[in-house]
Amino acid sequence: MNQGLRAVQALRRRTGPEAARVPRGRAAAAAFLAVLLGLGWLGGLPAGLGCRPELAAGGPSGSQGAAAPGGQGAGAGGAGGTGGAGSGGGAGFGTSAGAGAGGAGTGGGAGQGESGSQGAAAATAVCPLCGERVPVSSLLHRPIAVSVDNLDAARPQSGLGDACLVYEVLAEGGITRFVAFFLHKDTASIGPVRSLRPYFLDLAMPLGAPVAHVGGSPQALADAAALAPRAMSIDEMKQESAFWRSSSRKAPHNCYTSLSALRSASISLGYEGRTLTTTTPAAFVFAPAADKVALPADSQALSRFSVTYAGGSGGYVVTYDYDSDSEQWMRYIGGSAHVDAATGKQLRATSVIVQYVPSRVIPGDTEGRLELDLTGTGQAMVFTLGKTFKVQWSKAGRDRPISYTDSAGDPLTLPPGPVWVLVVPPGSRLDTE
């Protein structure tokens, strides 16, 4: 307490009585902390304390913080990291009416002067799977992939609306299955969970994600063992406590799990510690906002598209309608809205990719199981922000990521939001309008 009073008295002597008053309110408190940092009195605090990581080195200019009319500027960004550039934004302390220009930073980098409340906000970062900005603490884990059933008896599924990234791929019998990736939402119910296929591992390994499943094909289980530790499996046959059976569905469409249960299983299997020290690779290149996306020159506007899977059961058709208000694609199956059973809300995606991948029945497989050529190159169509355009995809190996480039050879850049990838055989029908 005495040290704090001496600090305020010293500030009064150095900057005048008005500046030395301890400000009231969260915005003013952030500004006051910024001044103390700028004067070097709190140099021992961790870099970026109370601000977003990208502001920790000092913001652009205090003039970005607009002043409250007739008083101190509202724009004291989060306190900058220690030793930030002195030329970075000042504290956003507009001492004259409506000024809010902020001083010229004195070595602490006082942050970006957006809003005083930003200074007290939890640190955030970009989700590597969907590009949304979320609390850093929610990203300190591995993503977890779940094999989700898509037979008629399995719909509506639970949890797909929370997934950051979803692949829809064909399984035997012309039925699709989802490989849904979860990271930063605490999803309470996911399912129905079904068995593993070899190519599910090709999608999960590049992202460092364990795959939750109920058993699997002989080849899939053999691959999971042979490719460990790159391939990680959470199998209901071995980790029963991470799953449960619902009495409202008939087997085998009644196995469910939750993200917290899978996270505990991942930790117990040694796939991760209580917090993850490695970084999850980015699934795509994401722009900071939708209005920052530069779409290719050959992109075309549309409001709806439908995909009929070649080899699909009974002409399996998926349709997406574009909702311009939310800038998302609303999903339909067979003409009916595809909803999440847990929320009752229609499934949607900010970006949809239709990726053409050759597939064939495994020779001698009596169940008609498939093998997919996910390693290699091919064509894909991207649907985002009400437009569509062609891209080239490539994948150098089973545990290597899939990359996408546009017609100019530039990396595909997507707006933040959930991404769905429909992996379809060549010859699948694509209708647009």
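Residues are numbered from 1 along each chain as its sequence is written. Local features need pLDDT of at least 70, and side-chain atom pairs count only at pLDDT 80 or more, with hydrogens and water left out.

**Exercise 1.** Find where pLDDT stays under 50.

*Solution.* Start with the scale: pLDDT is the predictor's confidence in each residue, from 0 to 100. The chain has a mean of 79, and 70% of its residues reach 70 or more. Next, look at residues 1-120: here pLDDT stays under 50. Where pLDDT is low, the predicted coordinates should not be read in detail.

**Exercise 2.** Work out which residues of helix α6 are buried and where they point.

*Solution.* First, locate α6 at residues 218-226; helices are DSSP runs (H or I, at least four residues), numbered from the N terminus. Then sort by relative accessible area, where buried means under 20%, exposed over 50% and partly exposed in between (1.4 Å probe, protein chains only). A220, D223 and A224 are buried. Finally, the buried residues pack against α5 (198-204).

**Exercise 3.** Compare E327 with L385: what is phi in each, and is each buried or partly exposed?

*Solution.* Take E327 first: its phi is positive, near 55 degrees, and at 35% relative accessibility it counts as partly exposed. Now turn to L385, with a positive phi of about 55 degrees although it is not a glycine. At 19% relative accessibility, L385 counts as buried.

Note on methods. Contact means heavy atoms within 4.5 Å. Helices (H or I, at least four residues) and strands (E, at least two) are DSSP runs, numbered from the N terminus. The arc is that of the directions from the helix axis to the C-beta atoms.
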